[in-house]
Amino acid sequence: MNQHSKPGIIQSLRYALNGCAKLFGTERNARIHLAAFVVVVAAGFCLEIDRVEWMIILLASGAVIAAEAMNTAIEGTIDIVHPQYGEKAGRIKDIAAGAVLIVTCAAIAVGVIVFFPKIKALL
C-alpha cells in the first residue's frame, strides 16, 4: 500500500482488532477492566436488567475500556517522544491516567444506580 491509499474496511477492522489484542494482551489494567466488564455483564443477566439499563451499562463499560486504551496510547506516544523522564511528560501521563479514573468512577456510580435496587430487592 502506498502512503496515499487508505486501507479498506476489512483491513481497518483487522488493525482495530489487532490493537484490542495488543491492549488486552499487554496491559494489566485493561485486563482488569475487561474482567470487571465480564462480571457486570453476568450480573446484568442474573439480575435481569432492562433494555435501557443494558444500554447505560454497556456505554459506561465501553467508555472505561476506551479510556484505558487511549491512556495506553498516550503513554506509549510520550515514551517514544520523550523517553527520559521529564516533568511535562509525567504531567501528561498523569492527566491521561486521571481521565481513566474519572470515567471509571462514573461507571461505578452507574453500576450502583442500576444494580443496588435489584440486589436490595433480593435481600
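Q: What pattern does the protein follow, read along the sequence?
A: Read along the sequence, this protein follows the pattern α-α-α-α. Helices are DSSP runs of H or I with at least four residues, and strands are runs of E with at least two, numbered from the N terminus. The model is predicted: local features need pLDDT of at least 70, side-chain atom pairs count only at pLDDT 80 or more, and totals for chains, interfaces and linings use all residues. Residues are numbered from 1 along each chain as its sequence is written, and side-chain values use heavy atoms, with hydrogens and water left out.

Q: How many aromatic pairs does the rule count?
A: Rings of Phe, Tyr and Trp (its six-membered ring) pair if their centres lie within 6.5 Å; planes under 30 degrees apart count as stacked, over 60 as edge-to-face and the rest as tilted. The count comes to one aromatic pair.

Q: Why is the pair of phenylalanine 45 and tryptophan 54 called tilted?
A: The ring centres of phenylalanine 45 and tryptophan 54 are 5.0 Å apart and their planes stand at 55°, so the pair is tilted.

Q: What makes phenylalanine 45 count as exposed?
A: Exposed means over 50% relative accessible area, buried under 20%, and partly exposed in between (1.4 Å probe, protein chains only). Phenylalanine 45 has 59% relative accessibility and therefore counts as exposed, whereas tryptophan 54, at 17%, is buried.
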